[in-house]
Amino acid sequence: MSLRIRVFVLMALVALGATGATVALTWWQARDQVSEAASASRETTELIQRELREQALRNGTWEGVDQTLRRLRGMTGQRLRLVDPYGAVIADTDHMDRRVARPPGSVAVFVDPLPELIVADHGDRRQATIAAIDVYRAETLRAACLYRHGYELVVTPGLDGVHRHSLADGGVPTVTGRCRPAPPALWQRADDLAQVRQCGPVQAECLQAAFRRQIATGDVAPAPLLLTIGAGNEPVRTLDAGPVLLITLVVAALATGGALLISRRLLRPIGTLTAAARRLGSGDRDGRVPDDGRDELAELARAFNQMAESVRAAQDDQRRLIADVAHELRNPLSNVRGYLEALQDGVVEPSQELFASLHDEVILNQRIVGDLQELALAEAGALIYHRSPTDLAELMETARTAHRAAADTAGVELIVTAGAPVIADVDPDRIRQVVGNLVGNALRATPAGGSITLTAGLDGDRAVLRVTDTGTGIAAENLPLVFDRLWRAEPSRGRGGGSGLGLAIVRQIVRDHGGDVSAHSTEGAGATFEIRLPPAVSPPRSPTSAARPGRAGRARTACRPG
């Protein structure tokens with residue numbers, strides 16, 4: 001599976017998972033809220049039903065229920081409607097609000113004001129309870145009459161299981177009339193009429209009316225009514241899964257589309273880099289990728305372009321090196337071939353001078369090949385170094401001794417300037433080779449009567465070696481090129497030719513030692529080559545590894561002028 005598909009699938013799964021989790025959480029919360037709303041609706045219905053039943057049970061009639069409905073409507077905010085068993089509307093809050101009655105709501109319950117009979121546990125009480133039922137029938141009629149005259153009643157269950165009506169607040173009417181405290185119950189027999197009349201003519205009148213109604217009809221307690229809550233044209237709040245699913249699909253589509261766009265935006269530069277890398281591998285060294293931007297992909301593109309530029313530069317250097325080496329070897333080989341052919345044809349007579357010239361040409365070719373091999377080993381990190389604490393001041397004196405004969409022949413004075421010992425952890429033979437190459441180049445660039453100064457010292461925490469000549473100097477535009485392979489100064493710079501690889505070898509050996517080398521020159525005023533090396537951690541225990549003036553002959557063989 002390709003990276004594009006894996007990234008897309010991963011981002012899509014993350015997006016869809018997050019969407020699904022959000023939808024599930026929303027669904028559960030909404031379901032809980034709907035359940036809580038349904039529970040609250042049941043509690044509201046039970047509250048309304050209980051309030052209406054208690055009023056009818058207490059008053060013995062449905063009269064005055066309008067005020068109760070208005071109060072309950074204010075508490076619950078619901079439309080309330082009471083209907084008797086024959087379909088007649090007893091009370092409706094829409095009528096109270098002077099509006100057209102709306103269709104009844106979906107919630108419909110019965111409000112039954114008849115009390116539950118509590119039957120005694122043993123026979124004597126059971127007989128008394130059955131006898132008390134008839135008394136309750138008459139008592140309910142009297143309670144309704146007292147309620148119409150403004151008395152507030154209280155209903156309490158009696159010892160025989162039948163509810164009893166009594167006057168609240170000591171028998172004081174709530175609207176009109178006044179009497180002294182009433183007896184604890186109003187269900188006394190007719191012969192107790194004299195005692196009842198002590199509370200006023202109203203109670204006596206109600207007792208007489210209840211007696212007549214009980215005789216005339218069997219309807220005593222208020223009839224059960226049908227209570228409807230709400231209006232039929234009001235929307236019912238339910239949890240609709242359709243919008244939730246639609247939103248889920250929309251969010252999933254957006255998340256998937258976003259994942260696709262992000263994956264394409266992320267992987268398009270990678271595809272471009274892959275194609276450019278393939279072209280680079282097939283030989284196209286000039287291919288580059290867009291590197292505008294500030295993100296990580298742009299940084300990767302810039303790194304690729306730098307790598308491609310380095311590869312192209314290395315290939316150009318390799319081509320130039322091959323061309324330069326071919327050019328360097330062509331002239332000596334052409335000279336050798338020409339002289340050999342002339343000797344073979346008898347055009348030139350053999351002589352010691354001719355053989356010496358041919359020998360010099362062979363030595364030059366051998367030096368170029370040897371330097372190329374050594375430079376290749378140095379750049380590949382294959383040179384072997386034997387490091388030891390070495391006194392660089394003594395090493396400079398050894399180099400002066402090794403090149404004294406050549407300097408005397410050229411008429412150049414070699415001077416060593418060194419104070420205290422300068423100890424560095426280096427390979428002494430390789431550093432002598434470096435100094436020898438620099439001294440050899442300085443001898444070729446310094447005319448007779450000039451001087452070359454070798455200096456060793458410390459600059460901060462670095463050991464510093466300097467080779468300064470009073471020669472013709474190096475032009476400013478050529479200073480960046482002096483350490484390039486096969487670079488040579490103009491003919492006026494020196495009187496003899498080298499391989500053009502000596503300074504490149506110097507730079508690689510110094511870098512392998514953790515140091516650096518630089519050139520400073522003013523044209524016509526000589527040049528200075530400076531080497532900076534890390535000093536030794538501790539002074540040497542013995543000077544056996546350092547060069548001594550007495551070992552000049554060995555130093556001379558180790559240092560080859562470049």
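Rings of Phe, Tyr and Trp (its six-membered ring) pair if their centres lie within 6.5 Å, with planes under 30 degrees apart counted as stacked, over 60 as edge-to-face and the rest as tilted. This is a predicted model, in which local features need pLDDT of at least 70 and side-chain atom pairs count only at pLDDT 80 or more, while totals for chains, interfaces and linings use all residues. Residues are numbered from 1 along each chain as its sequence is written, and side-chain values use heavy atoms, leaving out hydrogens and water.

**Aromatic pair**
- One aromatic pair is found in a search of the whole structure.
- The ring centres of Phe483 and Phe529 are 6.2 Å apart and the planes stand at 85°, so the pair is edge-to-face.
- Phe483 lies in the loop between strand E11 (462–469) and helix H13 (502–512), and Phe529 in strand E13 (residues 527–533), 46 residues apart; helices (H or I, at least four residues) and strands (E, at least two) are DSSP runs, numbered from the N terminus.
- Phe483 is buried at 8% relative accessible area; buried means under 20%, exposed over 50% and partly exposed in between (1.4 Å probe, protein chains only).
- Phe529 is also buried, at 6%.

**Open sheet**
- Four strands form an open sheet in the order E2-E1-E6-E3, with antiparallel pairing (strands pair if DSSP finds at least two bridges between them).
- Strands E2 (89–92) and E3 (104–111) each have a single partner strand, so one side of each lacks a neighbour in the sheet.

**Helix H12**
- Of the 18 residues of H12, 17 are buried.
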